[in-house]
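Welcome! Here is a short tour for anyone meeting this structure for the first time.

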Protein chains: 2
Amino acid sequence: MSVDGLTHHISSRYNEDLQRLLSNVLAMGGLVERQLLQAVEAITDPDEEAVVRVAKGELRVNQLEREIDEDCSRILATRSPTASDLRLILTILKTITDLERIGDEGEKIAGIATRLAARERPRNRYRELRNLGELVIGMVHDTLDAFARHDTELALEVLRRDRIVDEEYESIHRQSITFMMEDPRWIRRALDVMWVVRSLERIGDHSKNVCEYLIYLVHGRDVRHVRIEEIERELSESEHGEAAESARSAPGGGRPASAEPPGADSPAVQPADGELSGGYAHVATLPAGGRPGMLGAAGLPSSAAGK
Amino acid sequence: MSVDGLTHHISSRYNEDLQRLLSNVLAMGGLVERQLLQAVEAITDPDEEAVVRVAKGELRVNQLEREIDEDCSRILATRSPTASDLRLILTILKTITDLERIGDEGEKIAGIATRLAARERPRNRYRELRNLGELVIGMVHDTLDAFARHDTELALEVLRRDRIVDEEYESIHRQSITFMMEDPRWIRRALDVMWVVRSLERIGDHSKNVCEYLIYLVHGRDVRHVRIEEIERELSESEHGEAAESARSAPGGGRPASAEPPGADSPAVQPADGELSGGYAHVATLPAGGRPGMLGAAGLPSSAAGK
């Protein structure tokens, strides 16, 4: 048996392992997104069952988190991944923690929605809450999409949107204080609105975290605690035009190819960490277009696609 | 060169790697704890510099998080750890995320403390906030202590204390609403109090997360999303008396030996995950008492020790 044959065999099993992992992460993400959608809808359209459905979904989310966690441990123990495969697994381990916490916040929102439903409903104001909710659900959706396609352009866009969420948060917050001051009977409702807004803001932060992990995965650059302008400048400098060229020549797939993971033949983007470098050699050996297509179909649920 | 010699050599370097890692995690934790102490103190004792000091400390915390993160990646890539070593590294990767977020909450508290300091101070009420703050700082302190000593008894105690934090949270929350309703001029201050309490509650949750990771590390049992009574019952069943015996015969070190990591000669506690089992064989090869002593001194800062 040749060394090459063995490597090939291991690599093929590897692909299966990694694909199953990614598929599960996206299934978990899709579930979390659907939960969030139900929770936010319950704010404007009272639905007594929502809180029960969300709580049930949360059990499944927790179960998926544990399964993925164990799967990562097993792959680390049995395959000793290095370079980009190792980065992928570490990224997944961090990502599922954030996804699980998005699920937690969704559960909180569903609970508050039930409380809000029991009180007099000021249609107009909760609309604002719903708008912010949709903005945040969009962030979660695009984060999962970016993750499935290794689309760092989309990830950057999500990072940018987090500022809008922060501004909306401030605005609804200020407004709620005004209502409270004008009429003390508004205090409890205004506080509930504030808790929802805060949960939504945290969900935005968790999405942002996942996008940052993705940028680390693809570009090998740790962008946590770095201003968005700086990230954009650095990534555009490191790509200096080559990505744009490859985008024009790449087969169409709904997204610019500059967003695809840089392959072994795209040395423009150099991971920052010496020992773990190696670009995206492993992923690049997958059949062209195989991962995004498969994962797009398997990972993103109909509720997300139909949003 | 004998296989045994090589293994021995690698194992020795391993020990250095793992000790450096643990040492850095505890240094990071100590820093976070000190930040939190400064932030909470600033609530009752106005201190204009506190917010600046905490922000500066936060930069160092973030830097440490990145360093430990990279160190874990490097060890995974170069040493391909398995069994308990792998679990240790995965535990550390999760732990530093929670520590970093405790640091974030500490920074928020310091900011609000500055705002509260600018307003009329109702001595008595902020005392409650401070009491809760001290309770939570105690949780963080004991979490780090439990982590340094692999003391799952202490970790369980921290989990139990989280309930008291939740009760205190509810109590201050209700009280704040009452104040708001009685006098609208209280609204902004009461909201600030509520934000601090919520931050403290989250810090309690993060401590709880770390304690749960530790229980997984030592007992191989994933106790996330499991009720505390069930955890206690399971762990006491799996130990069925043997731990208590070894506690009496172990050399004194300020803590019961039942809390020490189970060594290769302590097969009573069996990790739940088949492939990753192996007890605590690796850690058990360290010089007796070496880890807790060394880490206790290096990791826990004087501010924490003097609490």
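Which residue caps the N-terminal end of H5(A)? A:Asp151 does, with a side-chain oxygen 3.1 Å from the backbone nitrogen of A:Glu153. This is a predicted model, in which local features need pLDDT of at least 70 and side-chain atom pairs count only at pLDDT 80 or more, while totals for chains, interfaces and linings use all residues. Residues are numbered from 1 along each chain as its sequence is written, chains are lettered from A and ligands numbered from 1 in the order in which they are written, and side-chain values use heavy atoms, with hydrogens and water left out.

**Helices of chain A**

Helices here are DSSP runs (H or I, at least four residues) numbered from the N terminus. H5(A) has 31 residues and spans 46 Å from its first C-alpha to its last. That is close to the expected 45 Å, taken as 1.5 Å times one less than the number of residues. In helix H1 (residues 3-44) of chain A, A:Asp17 and A:Arg20 are three residues apart, so about one helical turn separates them.

**Two copies, one axis**

**Where the chains meet**

The contact (heavy atoms within 4.5 Å) takes 44 residues from chain A and 44 residues from chain B. Because 100% of the interface residues of chain A are also interface residues in chain B, the copies meet through the same surface. About 4,000 Å² is buried between the two chains, and carbon and sulfur atoms give 56% of that; buried area is the accessible area (1.4 Å probe) lost on putting two parts together, summed over both. A:Arg101, A:Trp195 and A:His225 supply 15% of the area that chain A buries against chain B, more than any other three residues.

**Salt bridges**

A salt bridge is a side-chain nitrogen of Lys or Arg within 4 Å of a carboxyl oxygen of Asp or Glu.

| Salt bridge | N to O distance |
|---|---|
| B:Asp69 and A:Lys94 | 2.9 Å |
| A:Asp17 and A:Arg20 | 3.3 Å |

Methods: Helices (H or I, at least four residues) and strands (E, at least two) are DSSP runs, numbered from the N terminus. A polar contact is a pair of N or O atoms within 3.5 Å; within protein, one must be able to donate a hydrogen and the other to accept it, and residues adjacent in sequence count only if both atoms are side-chain atoms.
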